[in-house]
Amino acid sequence: MKCDNCTKKMYDFRLAVHLLQWVEAINSVECNKKQKNGDGQNAPVDVLSSNEENAEPSEFHKLANSKIFLSDCLACDSCVTSDEAARVFQQNQKEFFHVLNLNKKCDTSKHKVLAVSICPQSLPYFAAKFNLCVTEAAKRLCGFLKCLGVHYVFDTTIAADFSILESQKEFVQRYRNQNQEEHALPMFASACPGWIQYAERVLSSLVTPHICTAKSPQQIMGSLIKGYFARQQNLSSDKIFHIIVAPCYDKKLEALREDVYAPLYHSQDVDCVLTSGEVFQVMEQRKVSLKEAAEVPFDTLFGGINESDLMRHDGRRSDGYLEHIFKHAAKELFDTEVKELTYKVLKNKDFQEVTLEKGGETVLRFAAAYGFRNIQNMVLKLKKGKCSYHFVEVLACPGGCLNGKGQAQTEDGKPDKALLKQMEEVYAAVPVQLPETNGHVQKLYQEWLEGMDSVKVQQSLHTKYSSEKPVANSLDIKW
Ligand code: SF4
């Protein structure tokens, strides 16, 4: 449901997008002319031939090109400038193939090392689409991408490990300081870019001091690749083209954040985000089934390959911030070991709470608020001073990240419930690993970050939120 302001601006935004596509189309015609007049030596290789680039798109492709999902109103046009819109729409398969093609030309000054990082919530999409388990889908996806010319393929679970560990630490600090710091609690999760965009640009200072400062897994993966990995490989960060494969379009917008930009090299930590659906379109265009691709293990940030099976975090279809922070806080603050969490469903299945009682008193009250309506309710409570939660895991998509609009849609843009159910099943079958037990993370805290509480930890794993003036008084909208 959208307010008048959003609807009008959505129209303006879509118009801008269509204009952009039109300009892009003209540019690509000019480009093709130049290629025809060339001597052939520098003609693009057959990764995606110009014929394929101009081929009649499939129905799904047309839909993906003409629709702005951005989790509906959460990070809609009222939050997005025309410059950002242009840069969001540059992040597509064409950009990916442009880099692949440059790598096959003689001019080595334009070559880039291509690194692709895959979100764990994207893998169940490929597993469900091709009837595979998640580990096999991951290996075959890695094989497919390497066959196209990608140099390194990583799993972003390691970045989520850092994000969860830093969030846990910050929650305990905020809880202990709640009597001294006005905005210490509730703490809101910071992993979902749709929510962050909405909080910064619409809700502003009402909410931003409450958002956990730990960077999202995508932002941390960006720091790892353009910081740690680039140094390991003796590369400047602009020599790496870093792509994230993600379940939603909102992450394209997140890639543009100013705090993940290295001015020295004019380089973003993430250069391009492709949704799972966009990668699937590449397979369709090339008439490749993932089942035919070779099984290739993911790479590690230390230069080797990761032979072990894929692991996931505990949690409700996302990275499980609520579970991890709850268990950690119960142990740290109340010396209580919590094995299983018992959720109480509130207004609907996307608004649930978990509590810890001690001596007849509720000492921890956490909530999961997924989807716009539940977020609105939670924000209204905060505005009225009636938000009794210590922590809220906020996600823009009802049902969480598996339901991201870059993968859980039918060809006519409706939620694909059957596919989502399949994704949930294959995701649940992936073994769970605690972030604390990841040896690579401990090694990186020492080698890369100079300790657990260093200045570098603050610089590389934490961020600040802007509190621009709200562009619309959305709290007064009746939803
Ligand atoms: S809930 Fe997950 S998939 Fe949906 S917008 Fe947020 S990060 Fe993206």
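Helices (H or I, at least four residues) and strands (E, at least two) are DSSP runs, numbered from the N terminus.

This is a predicted model, where local features need pLDDT of at least 70, side-chain atom pairs count only at pLDDT 80 or more, and totals for chains, interfaces and linings use all residues. Residue numbers start from 1 along each chain as its sequence is written.

**Stop 1: the whole thing.** You're looking at 17 helices and 13 strands. Of the 479 residues, 44% count as buried.

**Stop 2: helix 12.** Select residues 276-285. The buried ones here are S276, G277, E278, V279, F280 and Q281. Then click K287, which follows helix 12 and has a positive phi, near 55°.

**Stop 3: strand 7.** Step back to residues 272-275. C272 and L274 point one way, V273 and T275 the other, and all are buried. For a landmark, find V245 opposite L274.

**Stop 4: a helix pair.** Show helix 8 (residues 157-176) with helix 10 (residues 217-232); they pack at about 115°, their axes 8 Å apart. Axes here are lines fitted to C-alpha atoms, for helices over the stretch in contact, and angles run from 0 to 180 degrees between N-to-C directions. That angle makes helix 8 roughly perpendicular to helix 10 (the label covers 65 to 115 degrees). Show side chains for A159, A160, F162 and S163 in helix 8, which meet P217, I220, M221 and L224 in helix 10; contact means C-beta atoms, placed from the backbone, within 7 Å. By class, the contact has 7 nonpolar, 1 polar and no charged residues.

Stop 5: Which order do the 5 strands of the open sheet take? It's 3-13-12-11-10, with mixed pairing; two strands pair if DSSP finds at least two bridges between them. Strand 3 (187-188) and strand 10 (344-348) stand at the edges with a single partner strand each, so one side of each has no neighbour in the sheet. Strand 3 pairs with strand 13 (residues 391-395) in the parallel sense over 2 bridges, and M187 sits opposite F391. Finish with helix 14 (residues 372-383), which packs on the sheet and touches strand 11 (351-358), strand 12 (361-370) and strand 13. Helix 14's direction makes about 140° with that of strand 12.

Definitions and conventions: Parallel < 35°, antiparallel > 145°, perpendicular 65-115°, else oblique. Contact = placed C-beta atoms within 7 Å. Nonpolar A, V, L, I, M, F, W, Y, C, P; charged D, E, K, R; others polar. Buried ≥ 20, exposed ≤ 12 C-beta atoms within 10 Å, placed from the backbone.
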